[in-house]
Amino acid sequence: MAYYPSRGGTKTIATVDISPFTTKARHLPESDRLKAGQALVEALHNLGFVKVTGHGLSKDEIQEALAWTKRLFDLPYEDKMKAPHPPGPMPHRGYSEIGKEKVYSQADVKVYDTDGNDVAQELRKISDFKESYEIGSEHDPVQQNIWLPDDVLPNFRSYMTSLYQKLASVSKILLEAISVGLGLNGEEHTTLTKFISDRHCQLRLLHYPAINKDRLQKDLIARLPSHTDWGTFTMLFQDDRGGLELKDPRSEDYLPAEPEEGAFVLNIGDMLQRFTNDYFISPLHRVSVPSPDTVPETGIPARYSIPFFVCPDYFHTIATLPRFITGENPVKYEPVRFDEYGSVISKYQYAKG
């Protein structure tokens, strides 16, 4: 069996209301925006993740998105395979059946990357018990979407295209709040805005099937192993089943990101860590499998979630902002092009072991 016994710390994940950046009321003082931005930055600086409310999406809109996700994965396997993900990591689009994709951390790669080892095979000794569907912008020149035929799931394409656009808009609001909270000047703010590209973000639909207790006791199984996200930041919407855990970079405790109605989880990605010279840390996170001893006879219920990965243009070069470089904190990262960084990080994601 494979499970992750949590070492729960005393910290809890903060919730920050960013409504001063989304409200249309003109009477709000600028100090409200500054206060909200600083609260967001403080939470992200402390842990690398935060729960966000006041983002402009209603509870009904979030529930509708999760309902569409369930509707998709409830389809027969043969129907879902009418939009298959290609064999390799690019284009990262379409449907991946259970066990097709393997998520891992760079620490995992280092453990297995020794003489004579097949890294991909070693990583896949424990499979990820999940299925997914990847969606991008309809205007992405590098990765084209792979859609189900409309008669298989009517209006799925139009709904998900609209959802992508809504989440891209929310991501720009978040970036503005981060900029205000950091106190960036005009030129620095302009540099930060290039960390979001309307055409290169990724909408992912995830289903973690139910697992019975007998399988937990007998099989090597994981849901989503510890990893970081390699974009700018990620917005994660989840159902009420729980299971998401994020690692405190200081105590190294995994903290449960308990579902909170109307909120999403925001976590820093590798690009913002490099941009801020570790002022923000891209945190390890996972979807845990509990010890079988703690699981009822009915097993673990199914779980659905929707991460939206915010990214720059593929060919954008990310460099550390000079304000984060000091004599006491010298630059830690060389400039890197986003697509080149991603090709290294995702090398084994779809490699067959």
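Let me start with Tyr 164, which at 4% relative accessibility counts as buried, where buried means under 20% relative accessible area, exposed over 50% and partly exposed in between, with a 1.4 Å probe and protein chains only. Please keep in mind that this is a predicted model, in which local features need pLDDT of at least 70 and side-chain atom pairs count only at pLDDT 80 or more, while totals for chains, interfaces and linings use all residues. Residues are numbered from 1 along each chain as its sequence is written, and side-chain values use heavy atoms, with hydrogens and water left out.

A pair of aromatic rings is described by the distance of the centres and the angle of the planes. Rings of Phe, Tyr and Trp, the last by its six-membered ring, pair if their centres lie within 6.5 Å, and planes under 30 degrees apart count as stacked, over 60 as edge-to-face and the rest as tilted. The structure holds 12 aromatic pairs. In one of them, the ring centres of Tyr 164 and Phe 308 are 5.4 Å apart with the planes at 75°, so this pair is edge-to-face. It links distant parts of the chain, since Tyr 164 sits in helix H6 (residues 156–182) and Phe 308 in strand E14 (residues 303–310), 144 residues apart. Phe 308 is buried too, with a relative accessible area of 0%.

A second pair joins Phe 237 and Phe 264, whose ring centres are 5.1 Å apart and whose planes meet at 55°, so the pair is tilted. Here again distant parts of the chain are linked, with Phe 237 in strand E9 (residues 233–238) and Phe 264 in strand E12 (residues 264–268), 27 residues apart. Phe 237 and Phe 264 are both buried. Beyond these pairs, one aromatic cluster is formed by Trp 68, Tyr 133, Trp 147, Phe 156 and Tyr 159.

Let me step back to the whole chain. It has 10 helices and 16 strands, which are DSSP runs numbered from the N terminus, helices being H or I of at least four residues and strands E of at least two. Of its 353 residues, 52% count as buried. Among contacts, meaning heavy atoms within 4.5 Å, between residues at least 6 apart in sequence, 81% join residues at least 24 apart. The C-alpha trace spans about 55 × 50 × 40 Å along its principal axes.
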